[in-house]
Structure formats: C-alpha cells, structure tokens
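Me: I have a model open and would like to go through it with you. Could we begin with the ligands and then move on to the protein itself?

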Amino acid sequence: MTSVKIVPAQELRRFAEEAFRACGAPEATARTAAEVLCYADENGFDTHGVANLERIYVARLLDGRIDPQAEFELTAETASIAALDARGGLGLAAGARAMELAIAKAAETGIGCVAVRRSSHFGSAGYYTQQAVRRGMIGIAMTNLGSQAIARPPGGSAAMLGTNPIAMGAPGEGHPPFQLDMSTTVVATGKIKAALRRGEPIPEGWLVDDEGRPVTDPAAYEEGRGHLQLLGGDLATGGAKGFGLALMVDILCGALSGAEMGPHERLLSPEGREAGAEDANVGHFFLAIDPARFRPDGGFEREMGGMLGALLACPPAREGGRVVYPGFLEAARASREQVELDAALARQLDGLAERLGLVPPREPAAAERG
Ligand SMILES: NC(=O)c1ccc[n+]([C@@H]2O[C@H](COP(=O)([O-])OP(=O)(O)OC[C@H]3O[C@@H](n4cnc5c(N)ncnc54)[C@H](O)[C@@H]3O)[C@@H](O)[C@H]2O)c1
Ligand SMILES: O=C(O)C[C@H](O)C(=O)O
C-alpha cells in the first residue's frame with residue numbers, strides 16, 4: 001500500500017462518528033459504529049474499515065436501506081441466550097450491543113449466546129470477539145450478508161453463498177490474545193476491489209468462471225464473470241471444508257435468528273437474485289464463554305499462554321522469517337495508534353467530508369491544533 005496520509009486513530013474515529021451523526025444516527029449509536037468501523041483500520045483489516053464508510057454505510061443510511069434510529073428489540077431471552085431484532089438498524093451498533101449482552105449472560109451463567117436478525121453489514125467480526133477477550137472471556141462472532149450470493153459451492157457453476165466470516169478470540173497469559181478473524185472465502189471482496197484499483201491481476205484461486213476455470217482479471221468480479229472460491233477452492237484441494245464452514249455461518253446467523261440465508265433456490269435465476277435484495281435482513285451470531293467457570297484455577301489462560309509462546313518459538317523455515325499466530329500482528333499494529341490511508345482512500349474521505357459538510361480526517365499536527 002502506498003501510504004500518503006497518516007492520521008491518529010482518534011481523529012479517524014472523530015470523522016467516522018461525525019459522518020454517522022450527519023446521516024441521522026443518535027450520538028451513542030454513532031460513537032459505537034465509529035469505534036467498531038475504525039477497529040478494522042487500527043488492526044490492519046483495511047478492507048473493512050473507513051474504506052466502506054461511504055460505499056456501504058453512508059449510502060444505505062441516506063437511501064433508507066439502513067435506519068439510523070432503529071431501536072433494537074429483544075424477541076426471546078433466557079438466562080444464557082437471547083434473540084435480538086435489529087429492526088433494519090446499523091449492524092455495527094447491533095453487533096456491539098449483542099456481544100455485550102452475550103458477555104453479561106456469560107458472566108452470570110458461564111455462557112451467553114445471542115442471535116441477531118434484520119441487521120446490516122457489521123464490519124470486522126474481530127471487533128466483537130475482542131469485546132469478550134477484554135473481559136477475560138472466549139468470544140465467537142459470525143455474520144452472513146442476507147441473501148448475498150457471490151461464492152460458489154465447490155463443483156457448482158452458480159454463486160450461492162456470501163463471504164460469511166468467522167472470528168474467535170481467546171486470552172492467553174503473557175501474550176497478545178489469539179484472534180482469528182477470517183472470511184470463509186479464499187479472500188474477502190475488498191482484496192479484489194483493491195487489485196482492480198491498482199490495475200493488477202489477482203492470483204489464480206480467488207475467482208473462477210461458470211465452468212470452474214481460474215479467473216485472474218479483478219474486473220470479472222463486479223461484472224459477474226467470476227465467482228469467489230470458498231476456502232480450499234476445489235474439492236480436490238479441501239474445498240468441502242470451506243464450504244461446510246460457510247454453511248455453518250449461514251445456519252447460525254440465518255436459520256437460528258430468522259435472518260435471510262445465502263443458499264436459496266431463487267438465487268439461481270437472475271430475476272430471483274434481483275428479487276432477493278442482498279444485504280437486507282442480515283444475521284449475526286455471538287457466543288461468549290467464561291473460562292473461569294470451567295477452570296477456576298486460571299488454567300485456561302496459563303495453558304493458552306504456553307501454547308502461544310511455543311508457537312512464537314517455532315524455528316522459521318527461512319532466515320529472517322517468523323512464526324506468528326492469528327491476532328499477534330494486529331496487536332502490534334494497534335499499539336501504534338495511527339492509521340495509514342492510501343491515496344485513493346484519503347481522496348475518497350475528503351470527498352465524503354465535503355459532501356457531508358465535515359472536516360476530513362487530519363494529520364497529527366493539524367488534529368492536535370484542533
Ligand atoms: N461483515 C462482513 O460481511 C464481512 C465479510 C467478509 C469479511 N469480513 C471481515 O474482513 C476482514 C478481513 O478478512 P480476511 O479473510 O481478508 O482476513 P485476512 O486474510 O487478512 O486474515 C485472516 C486471518 O489470518 C490471520 N493472519 C494473517 N497473517 C497471518 C500470519 N502471517 N500468521 C498467522 N496468522 C495470520 C489474521 O490474524 C486473521 O485472523 C475481517 O475482519 C472479516 O471479519 C467481514
Ligand atoms: O463487501 C461485501 O459485500 C462483503 C464483505 O464485506 C467482503 O468484503 O467480502
């Protein structure tokens with residue numbers, strides 16, 4: 001990434017919060033949404049941070065597809081589970097609220113599980129798992145994207161699933177937490193869009209055409225000539241496992257909550273795809289587990305710490321290399337508290353600031369002057 005603008009993390013959050021407010025979100029909702037969105041930039045998941053502010057959130061808040069003032073409603077609740085209806089509101093805020101609820105239930109009973117329906121794009125799944133990790137708990141978070149159909153089942157010629165991400169976080173003594181945060185497709189769409197912006201081909205294995213042949217032209221994705229591959233790709237290379245994981249996400253986020261599910265027969269025809277508006281009635285799934293209830297002697301964190309330390313000590317295959325585990329690099333980045341915006345993104349945010357009448361994200365010296 002060519003870095004042309006470095007902004008303090010706080011300044012980026014200030015801008016995002018003001019943008020959500022300018023689109024009608026109440027103060028608390030805007031603050032939470034900005035924090036969740038910018039978590040992605042602060043942790044190196046730049047495909048899911050402010051790069052989506054205008055394209056996904058501002059666009060849908062302003063055209064009515066997302067209701068900035070939606071009041072979330074609990075539709076079922078026991079000591080350890082809850083179902084939340086986000087009533088068409090911001091997934092970024094609904095997700096944070098749902099995980100808070102799961103954590104509160106886990107603090108009481110050892111486990112808390114919350115399924116959410118009628119939500120919208122919730123950004124990086126890892127934000128929610130670190131909510132649990134900060135309280136010493138294990139967190140799991142997933143989302144589907146309603147009836148989005150951009151990934152093909154291995155061996156099929158039609159796209160029927162979304163990028164269905166899964167995140168899991170767990171604390172470990174003496175080391176940054178384990179934080180797995182991944183789409184169940186080989187890549188998230190943001191990486192294809194970035195290659196298109198840079199005018200570069202994409203590697204074989206990301207997209208295939210209707211006959212399953214590799215596609216390396218990133219434009220093919222938006223033009224409907226390339227379907228995303230699920231993790232593992234073809235059946236011969238383990239594709240059934242990525243397929244199964246993506247379906248697991250649809251089952252827990254869709255069928256369990258009452259949200260839309262990707263795999264749907266009507267998606268097999270262009271008219272059917274048109275009728276099933278993607279990214280409407282998005283579902284999420286959150287789980288918080290308190291390890292202290294299983295092992296009151298602190299054994300979980302101790303053994304996690306031992307495992308993470310052992311992995312870091314693994315001798316590298318190549319000189320100068322290093323083995324790290326999911327979450328390690330993000331923790332190192334987050335402590336820098338500064339975010340790098342590439343030229344195209346900085347320009348995009350300047351344009352959005354002008355459109356909404358806001359001060360764009362400022363570089364450190366200007367931000368300090370206020
Ligand atoms: N809201 C949505 O609908 C949606 C859909 C898809 C993806 N996403 C989000 O997109 C973001 C990016 O997803 P992605 O699949 O492109 O992630 P990615 O490929 O960048 O990273 C996936 C995982 O690999 C780990 N990792 C990366 N380099 C590593 C290394 N050298 N050693 C060990 N582990 C390493 C990361 O810690 C991460 O847990 C995530 O935050 C995800 O939640 C959201
Ligand atoms: O961008 C999308 O529509 C889906 C998801 O957030 C992704 O990047 O794959």
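Me: How does the shell around ligand 1 divide by class into nonpolar, polar and charged residues?

Reply: This is a predicted model. In it, the shell around ligand 1 has eleven nonpolar, nine polar and three charged residues.

Me: Which residues are the closest to ligand 1?

Reply: Of the 23 residues that surround ligand 1, the closest are Gly 123, Ser 124, Asp 181, Ser 183 and Glu 330.

Me: How much of ligand 1 does the protein bury?

Reply: The protein buries 78% of the 860 Å² that ligand 1 exposes when taken alone.

Me: On to ligand 2. Which residues surround it?

Reply: Ligand 2 is surrounded by His 48, Arg 55, His 121, Leu 145, Gln 148, Thr 163, Ala 188, Thr 189, Gly 190 and Lys 193. By class, these are two nonpolar, six polar and two charged residues. Helix H6, residues 189-198, contributes the largest share of this shell, with three residues.

Me: Which side chains have polar atoms by an oxygen atom of ligand 2, and at what distances?

Reply: There are contacts from Thr 189, with a polar side-chain atom 2.9 Å from a ligand oxygen, and from Gln 148, where the distance is 3.1 Å. For Arg 55, a side-chain N or O atom is 3.5 Å from an oxygen atom of ligand 2. The protein covers 91% of the 260 Å² of accessible area that ligand 2 has on its own.

Me: His 48 was in that list. Which residue joins its side chain through a polar contact of 2.8 Å?

Reply: That residue is Thr 47, whose side chain makes the contact with the side chain of His 48. Thr 47 lies in the loop between helix H2 (27-42) and helix H3 (53-62).

Me: Is Thr 47 buried or exposed?

Reply: Thr 47 counts as buried because its relative accessibility is 18%, and the cut-off for buried is under 20%. Leaving aside residues up to four places away in sequence, Thr 47 touches Asn 52, Gly 190 and Lys 191. Gly 190 is also one of the residues around ligand 2.

Me: Changing topic: how many salt bridges does a search of the whole structure find?

Reply: The search finds 21 salt bridges. Side chains of opposite charge can pair when their charged atoms come close.

Me: Take Glu 27 and Arg 31. How far apart are they, both in atoms and along the helix?

Reply: Their closest N and O atoms are 3.3 Å apart. Because the two residues are four apart in helix H2, about one helical turn separates them. Glu 27 is partly exposed, at 42% relative accessibility, and Arg 31 is also partly exposed, with a value of 42%.

Me: What about the partner of Arg 213?

Reply: Arg 213 forms a salt bridge with Glu 211, the closest N and O atoms being 2.9 Å apart. Glu 211 is exposed, with a relative accessible area of 59%, whereas Arg 213 is partly exposed at 47%.

Me: Which residues are linked in a network of salt bridges?

Reply: Glu 11, Arg 14, Glu 18 and Arg 362 are linked in this way.

Me: One last topic, the backbone. Which residues have a positive phi although they are not glycine?

Reply: Most residues other than glycine have a negative phi. Among those with a positive value are Asn 164, at about 25°, and Asn 281, at about 50°.

Me: Where do Asn 164 and Asn 281 lie?

Reply: Asn 164 lies in the loop between strand E6 (151-152) and strand E7 (166-172), and is buried, with a relative accessible area of 2%. Asn 281 is in the loop between helix H9 (270-275) and strand E12 (282-289). Asn 281 is partly exposed, with a relative accessible area of 24%.

Definitions and conventions. Residues are numbered from 1 along each chain as its sequence is written. Chains are lettered from A and ligands numbered from 1 in the order in which they are written. This is a predicted model: local features need pLDDT of at least 70, side-chain atom pairs count only at pLDDT 80 or more; totals for chains, interfaces and linings use all residues. Side-chain values use heavy atoms; hydrogens and water are left out. A residue is near a molecule or strand if one of its heavy atoms lies within 4 Å of it. Accessible areas come from the Shrake-Rupley method with a 1.4 Å probe; for residues, only the protein chains shown count as cover. Ala, Val, Leu, Ile, Met, Phe, Trp, Tyr, Cys and Pro count as nonpolar, Asp, Glu, Lys and Arg as charged, and the others, Gly among them, as polar. Buried means under 20% relative accessible area, exposed over 50%, partly exposed in between (1.4 Å probe, protein chains only). A polar contact is a pair of N or O atoms within 3.5 Å; within protein, one must be able to donate a hydrogen and the other to accept it, and residues adjacent in sequence count only if both atoms are side-chain atoms. Contact means heavy atoms within 4.5 Å. A salt bridge is a side-chain nitrogen of Lys or Arg within 4 Å of a carboxyl oxygen of Asp or Glu.
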